[in-house]
Amino acid sequence: MSIIGMNHAVLYVRDARVHKDFYSRVLGFTTNIEDSNGQFVFMRAPNSSNHHDVAFFSVGGHASPSTAGRQSVGLYHIAWEVETLAELEETKKTLEREGCLVGASDHGVNKSLYAVDPDGIEFEVMWLTPEKFWGDLETSAVIEPLDLEGEIEKFGRDLKGGS
């Protein structure tokens, strides 16, 4: 077996149409497939080569909030990757404008913003530090406050992340 990465996530939400609006407005996702009755929506990230990166299935407004991580096991968050720190900075502005940014962390190998969607499901938008800069951080679990301006000064606005 040779798994090459994660392909997509499927989330149960109160209203797939609300998530369609949010993910298109906030993260620029486009819709591939949508049920005319609002039961499901399949979406693709702006520069993805996937058919879909996330799907939302409606369960209704009566659904209770997730207790994962507090009272039950379950998904913590999904991480979306951007290519440059300039894109991370622009994303931060959008998340702040939407009022859904809940945190920002420097994990050494990645620089991360944390936000919540309309149902309070957390997601991350992150920039992966180029592998040549990982050093000892590759095997460390780092959680420090993110100094995005400092990271831009260190790496530049347009350095592409990853390997």
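Which residues lie nearest the centre of the largest pocket? They are A45, A79, W80, E81 and V82, out of 28 lining residues. The model is predicted.

| Pocket | Volume | Lining residues | Nonpolar / polar / charged |
|---|---|---|---|
| Largest | about 940 Å³ | 28 residues | 13 nonpolar, nine polar, six charged |

Several elements build the lining of the largest pocket. α1 (16-27), β5 (78-82), α2 (85-98) and β8 (122-128) each supply at least two residues. Strand β5 gives the most, with five residues.

**The setting of S58**

S58 belongs to strand β4, which covers residues 54-58. Is S58 buried or exposed? S58 has a relative accessible area of 17%. Buried means under 20%, so S58 counts as buried.

Leaving out residues up to four places away in sequence, S58 touches V13, R14, D15, A16, G38 and Q39. With A16 there is also a polar approach: a polar atom of the S58 side chain lies 2.7 Å from the backbone nitrogen of A16. Two of these names link back to elements above.

Technical notes:
Residues are numbered from 1 along each chain as its sequence is written. This is a predicted model: local features need pLDDT of at least 70, side-chain atom pairs count only at pLDDT 80 or more; totals for chains, interfaces and linings use all residues. Side-chain values use heavy atoms; hydrogens and water are left out. Helices (H or I, at least four residues) and strands (E, at least two) are DSSP runs, numbered from the N terminus. Buried means under 20% relative accessible area, exposed over 50%, partly exposed in between (1.4 Å probe, protein chains only). A polar contact is a pair of N or O atoms within 3.5 Å; within protein, one must be able to donate a hydrogen and the other to accept it, and residues adjacent in sequence count only if both atoms are side-chain atoms. Contact means heavy atoms within 4.5 Å. On a 1 Å grid over the protein atoms alone, a cavity is a set of points where a 1.4 Å probe fits but cannot get out, and a pocket is an open set with protein on both sides within 12 Å along at least five of seven lines; lining residues have an atom within 4 Å of a point. Grid points are joined across faces, edges and corners, and a volume is the space filled by probe spheres set on the points. Ala, Val, Leu, Ile, Met, Phe, Trp, Tyr, Cys and Pro count as nonpolar, Asp, Glu, Lys and Arg as charged, and the others, Gly among them, as polar.
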